[in-house]
2 protein chains.
Amino acid sequence: MNEFDLIARLTPNLATNAAVVTGAGDDCAVLDLGQPDQLTLFKTDAVVEGIHFTRETPPEKIGRKALARCLSDIAAMAGTPVAAVVTLALPTGFEPDRVTKIYDGLNALARETGVAIVGGETTTNPERLLLSIALLGTVPRGRAALRSGAKAGDAIFVTGDLGGSIAGKHLDFIPRLAEARWLAEHFTVHAMMDLSDGLGGDIQHILRASQVGAVLLKTAIPVSRAAKNRTTEKPPFVAALTDGEDFELLFTVPAKSAVPLLDAWKRQFPDLKLTCIGKIVAGQGVILQDRTGARPLNLGGYVHFDGKTS
Amino acid sequence: MNEFDLIARLTPNLATNAAVVTGAGDDCAVLDLGQPDQLTLFKTDAVVEGIHFTRETPPEKIGRKALARCLSDIAAMAGTPVAAVVTLALPTGFEPDRVTKIYDGLNALARETGVAIVGGETTTNPERLLLSIALLGTVPRGRAALRSGAKAGDAIFVTGDLGGSIAGKHLDFIPRLAEARWLAEHFTVHAMMDLSDGLGGDIQHILRASQVGAVLLKTAIPVSRAAKNRTTEKPPFVAALTDGEDFELLFTVPAKSAVPLLDAWKRQFPDLKLTCIGKIVAGQGVILQDRTGARPLNLGGYVHFDGKTS
């Protein structure tokens, strides 16, 4: 049983209540805690030694990455992060200095992004270090960008370049908080998410939640230099579609907004590429279009285990 | 370096912001997210296979315990729990049915207590199962029961019986949510916390945060039947002071409230014992008083690693 089957089994039966606006299944949960103008965003994410980092990873980058992953999910809702709590599961014989440096990295990114670290739990996980972070954020009422609002005709955009994150970006990526908030303030964002498992798989979450399909233009997909330089057998284009941990924004806007958006974006964020990679269509699944024609995207069943129910 | 030394090293440098009313160091963080009448409570806690439960523990009870521990911290603030997110780190070769049953236990307690499970993260932890839960709650403004408000002269109370939780209660305990809310509504609670590491050590958190001392009456400490029936070398009274996972409430109220409280409590909660175990005094540390006199409490350095920074 893979993660998606497991999540599909667990999700339908989750306890709920009147505070829930959007429960499990989007980048963050959306809650109504009674603020007059805002809703609350809630997210958890974990990194594990040997999976998301190694014993050799600089500890500051472990702390940074753990928080950045959650921040990317708040960004994907067009939200503002507020406060985090940290579960730190420490292996037998942990080095206190390593832990201090993990917290240094965590605190540094928290300060950069205005987040308070308001509590934590230390426990034992004898074989390896595990760091789980839960993050609260806020979003103005009516402005949370869900996965479920894509409409046929929408233009599909992605920030940055895709693939090859493992070469380094996965430890240094910048959560697209400012960009996402600006987007939601200035344009009608129909659907948005952050890319954590690769465009090819992740876009399916938007398509299923929105009950639509997509046509992607092969030559438009922004393949990163890291993906091109990789020495694995995976072709760069496949890496751009299937490598995890891009942490870029994937979103859709009405087609008529596409050109104004690209123009405004260049002025607002001259250092971050924004690419229109295709369009939303009626139907389901992803069609890949290139010079030779159009065919269903087939990634050969690439699925990896680490993922999320929200 | 033990947990407390580590936490003492990490806590002073945590990033903060204007939303933080009470940061790390109490049972929950208290945040002001702009609700007119309420503040937000935020807490994380984790259970780990081999430490908080075993491979033989019925899986429903693992899920129940993981949530109940967080609920107990919301209770300790006199709050109402609202929504939880779950990080589930699964060992290699996990059984999907075991995971489903963990969630069954979690959902059942969530429904009993009005909590929504609004998202989660599944990841891999090859050697053992780990379950980390973050819980949000609310508390009316002005009513959060902190650890820092105890005053000389206060009467000290504890709910239930103490010690021997490992015999079974640690999997079945009932978070004292209703009791704590009732207390805060009807009496002035100066300080409150939940007992997770044993009365003898836990009370020190209230004393240090409030800069006061305590006199405990040895014969008044409610020693559980499980502590009395234990076959270990630990005397029952020592077990009542040092065994972890009681998850009872420890709180202080002005001395003049002590008798009215006991009377009202008996009518309101006839099935749950409430015991006055001593009083808050000027100074620091704990004095234990019995028929032979009074002396500083000495627990022989009993400290265990699993704990919390909040």
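Begin by selecting Thr159(B) and Leu274(B): Thr159(B) stands opposite Leu274(B), which is in strand 11 of chain B. Residue numbers start from 1 along each chain as its sequence is written, and chains are lettered from A, with ligands numbered from 1, in the order in which they are written. The model is predicted: local features need pLDDT of at least 70, side-chain atom pairs count only at pLDDT 80 or more, and totals for chains, interfaces and linings use all residues.

Next, show strand 7 and strand 11 of chain B whole. They run antiparallel and are joined by five bridges. Strands (E, at least two residues) and helices (H or I, at least four residues) are DSSP runs, numbered from the N terminus. Two strands count as paired if DSSP finds at least two bridges between them.

**The sheet**

In chain B, seven strands make an open sheet with mixed pairing, in the order 8-10-7-11-9-12-13. Its edges are strand 8 (191-194) and strand 13 (293-296) of chain B, each pairing on one side only. From one strand to the next, the twist averages 25°. Axes are lines fitted to C-alpha atoms, for helices over the stretch in contact, and angles run from 0 to 180 degrees between N-to-C directions.

Now select strand 9 (residues 213-217) of chain B. Four bridges tie strand 9 to strand 11 (residues 274-281) of chain B, and the two run antiparallel. Within strand 11 of chain B, Gly213(B) faces Val281(B), Val215(B) stands opposite Lys279(B), and the bridge partner of Leu216(B) is Gly278(B). Strand 9 of chain B also pairs with strand 12 (residues 285-290) of chain B, in the parallel sense over five bridges. There, Ala214(B) stands opposite Val286(B).

Side chains in a regular strand alternate between the two faces of the sheet. Which residues of strand 9 of chain B are on its covered face? They are Ala214(B) and Leu216(B), while Gly213(B), Val215(B) and Leu217(B) are on the uncovered one.

Residues are in contact if their C-beta atoms, placed from the backbone, lie within 7 Å.

**The two chains**

Finish at the contact, which takes 66 residues from chain B and 66 residues from chain A. Strand 5 of chain B gives the largest share of the side of chain B that touches chain A, nine residues. The copies meet through the same surface, because 100% of the interface residues of chain B are also interface residues in chain A.

Key
Contact = placed C-beta atoms within 7 Å. Buried ≥ 20, exposed ≤ 12 C-beta atoms within 10 Å, placed from the backbone.
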